[in-house]
Structure formats: structure tokens, C-alpha cells
Amino acid sequence: MGTEQVVFESAGYSAGCQECGAESECRGVQALVDGSLRWDTETTCSACGFAVAACGGDLSSE
């Protein structure tokens with residue numbers, strides 16, 4: 001039975017909310033999981049409650 005190795009780094013940043021335009025909190029995580037690179041991102045807006053998460057995707061050009 002193998003052991004899964006995970007290495008990751010995360011960064012927080014602010015961006016305009018997709019729904020209301022207010023400043024929202026964002027977090028991006030880059031992870032190396034058993035030799036495969038993946039990206040996860042999440043955004044939450046405290047002004048309007050909008051939230052979105054995108055998991056396991058490729059790195060966006062943005």
C-alpha cells in the first residue's frame with residue numbers, strides 16, 4: 001500500500017465580486033498530488049454572500 005504525497009502552497013488575494021462588485025476574499029491553492037499538479041480556487045463576498053469554488057482545474061491564464 002503506497003503513501004500519497006501532497007505538497008501545496010496557497011495565496012490569498014482580493015478581487016471584485018462577480019455579483020455585486022464589492023471587494024471579495026479569494027484563495028488560490030496549487031498542489032502537487034502524487035506527481036500531478038492541480039489548482040483549487042475559492043471566492044467569498046461578505047457584502048452579498050456570493051461564493052464560488054473551482055476545484056482540480058488547470059491554471060487559468062488570469
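Read along the sequence, this chain runs β-β-β-β. That is four strands and zero helices. Both come from DSSP runs, numbered from the N terminus: H or I for helices, at least four residues, and E for strands, at least two.

A word on the source. This is a predicted model, where local features need pLDDT of at least 70, side-chain atom pairs count only at pLDDT 80 or more, and totals for chains, interfaces and linings use all residues. Residues are numbered from 1 along each chain as its sequence is written, and side-chain values use heavy atoms, with hydrogens and water left out.

Now the overall numbers. The chain has 62 residues, and 13% of them are buried. Buried means under 20% relative accessible area, exposed means over 50%, and partly exposed lies in between, with a 1.4 Å probe and protein chains only. The chain exposes about 4,800 Å², with 48% supplied by carbon and sulfur atoms. Those areas come from Shrake-Rupley with a 1.4 Å probe; for residues, only the protein chains shown count as cover.

Contacts next. A contact is heavy atoms within 4.5 Å. Take the contacts with a separation of 6 or more: 22% of them join residues 24 or more positions apart.

On to the cysteines. How many disulfides are there? The count is zero, where a disulfide needs a pair of cysteine sulfur atoms within 2.5 Å. For Cys 20, the closest cysteine sulfur is in Cys 45, at 3.8 Å, so it is too far for a bond. For Cys 26, the closest is in Cys 17, at 9.1 Å, again too far. Is Cys 26 buried or exposed? Cys 26 counts as buried, because its relative accessibility is 8%. Cys 20 is partly exposed, at 43%.

Next, Thr 41. It sits in strand S3, residues 36-44. At 31% relative accessibility, Thr 41 is partly exposed. Leaving out residues up to four places away in sequence, Thr 41 touches Arg 27, Gly 28, Val 52, Ala 53 and Ala 54.

Last, the surface. Val 7, Leu 32 and Leu 37 make a nonpolar patch of about 260 Å². Patch residues have over 30% relative accessible area and no salt bridge; nonpolar side chains (Val, Leu, Ile, Met, Phe, Trp, Tyr) are joined within 5 Å, like charges within 9 Å. A salt bridge is a Lys or Arg side-chain nitrogen within 4 Å of an Asp or Glu carboxyl oxygen. Val 7 belongs to strand S1, residues 6-16. It is partly exposed, at 44% relative accessibility.
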